[in-house]
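Have the viewer open as you read.

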Amino acid sequence: KEYRSNYISPRICKKSETKEYTLKLYDTFGDGWGGNYIIINDANHRPITDKLYIEHGYGPLTIKLEIDRVDKNFNIRYYKSNHLSYENYYELYDEDSLIFASNMYETPPSNTIIPIT
């Protein structure tokens, strides 16, 4: 209302809808992820989250994710920093439906693209 500029015009954008997902992290040995972590990125590879990991214990560590529907997809990046990554696994839920799970006793995939439905 009070904005004035000679070279820039303000623009009001409609906020897009979000979709909620639930990410659950687990550790089969119970000692946490030991330096390994996940970062969730949007469709343009910009981080949506900080590092996600289990500090200690088996889990699950449950994380609610609000993903912008305008992106059409997002990706889960797993970063391995030690040889015990086969102890780490995770599951992704859309409401109560499991839509992705990494394999228990295997290193999670380094990049998983999830389409937004």
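Tyrosine 86 is partly exposed because its relative accessibility is 37%; the classes used here are buried for under 20% relative accessible area, exposed for over 50%, and partly exposed in between, with a 1.4 Å probe and protein chains only. This is a predicted model, where local features need pLDDT of at least 70, side-chain atom pairs count only at pLDDT 80 or more, and totals for chains, interfaces and linings use all residues. Residues are numbered from 1 along each chain as its sequence is written, and side-chain values use heavy atoms, with hydrogens and water left out.

You'll find tyrosine 86 in the loop between strand 4 (73-79) and strand 5 (88-94). Helices (H or I, at least four residues) and strands (E, at least two) are DSSP runs, numbered from the N terminus. Setting aside neighbours within four places in sequence, tyrosine 86 is in contact with Tyr105, Glu106 and Thr107, where contact means heavy atoms within 4.5 Å. Glutamate 106 is 20 residues from tyrosine 86 in sequence, yet their C-alpha atoms are 4.3 Å apart.

## The strands

Zooming out, the chain has zero helices and seven strands. Buried residues account for 36% of its 117 residues. Of the contacts between residues at least 6 apart in sequence, 69% join residues at least 24 apart.

Three strands make an open sheet in the order 2-4-7, with antiparallel pairing; two strands pair if DSSP finds at least two bridges between them. Strand 2 and strand 7 (111-115) are at the edges with a single partner strand each, so one side of each has no neighbour in the sheet. From one strand to the next, the twist averages 20°; the axes are lines fitted to C-alpha atoms, for helices over the stretch in contact, and angles run from 0 to 180 degrees between N-to-C directions. Strand 4 and strand 7 run antiparallel and are joined by five bridges. Isoleucine 76, for one, has threonine 112 in strand 7 as its bridge partner.

Elsewhere, strand 5 and strand 6 (residues 97-101) are antiparallel too, with four bridges between them. Glutamate 91 has alanine 101 in strand 6 as its bridge partner. These strands form a hairpin with two residues between them, and glutamate 95 sits in the turn.

## Rings and charges

Which aromatic pairs turn up? The whole structure has five. Rings of Phe, Tyr and Trp (its six-membered ring) pair if their centres lie within 6.5 Å; planes under 30 degrees apart count as stacked, over 60 as edge-to-face and the rest as tilted. Tryptophan 33 and tyrosine 78 are edge-to-face, because their planes are at 65°, with ring centres 5.7 Å apart. This pair links distant parts of the chain, 45 residues apart: tryptophan 33 is in the loop between strand 1 (18-27) and strand 2 (37-41), and tyrosine 78 is in strand 4. Tryptophan 33 is buried at 1% relative accessibility, and tyrosine 78 is buried at 4%.

Tyrosine 37 and tyrosine 79 are a stacked pair, 4.9 Å centre to centre with 20° between the planes. Tyrosine 37 is in strand 2 and tyrosine 79 in strand 4, so the pair ties together parts 42 residues apart in sequence. Tyrosine 37 is buried, at 17% relative accessible area, while tyrosine 79 is partly exposed at 28%.

| Charged residue | Ring | Distance from ring centre |
|---|---|---|
| Lysine 24 | Tyrosine 93 | 5.1 Å |
| Lysine 51 | Tyrosine 37 | 4.6 Å |

## A buried lysine and some backbone details

Lysine 19, in strand 1, is buried, with a relative accessible area of 12%. Its contacts, not counting residues up to four places away in sequence, include Asp94, Ile116 and Thr117. The lysine 19 side chain reaches the backbone oxygen of threonine 117 at 3.3 Å.

As for the backbone, the peptide bond from glycine 59 to proline 60 is cis, with omega near 10°. Proline 60 is in the loop between strand 2 and strand 3 (61-68). Lysine 72 isn't a glycine but has a positive phi of about 75°; lysine 72 is exposed at 60% relative accessible area. Glutamate 95 isn't a glycine either, and its phi is positive at about 60°; glutamate 95 is exposed at 68%.

Key:
A charge sits over a ring if NZ of Lys or CZ of Arg is within 6 Å of the ring centre and within 35 degrees of the ring normal. A polar contact is a pair of N or O atoms within 3.5 Å; within protein, one must be able to donate a hydrogen and the other to accept it, and residues adjacent in sequence count only if both atoms are side-chain atoms.
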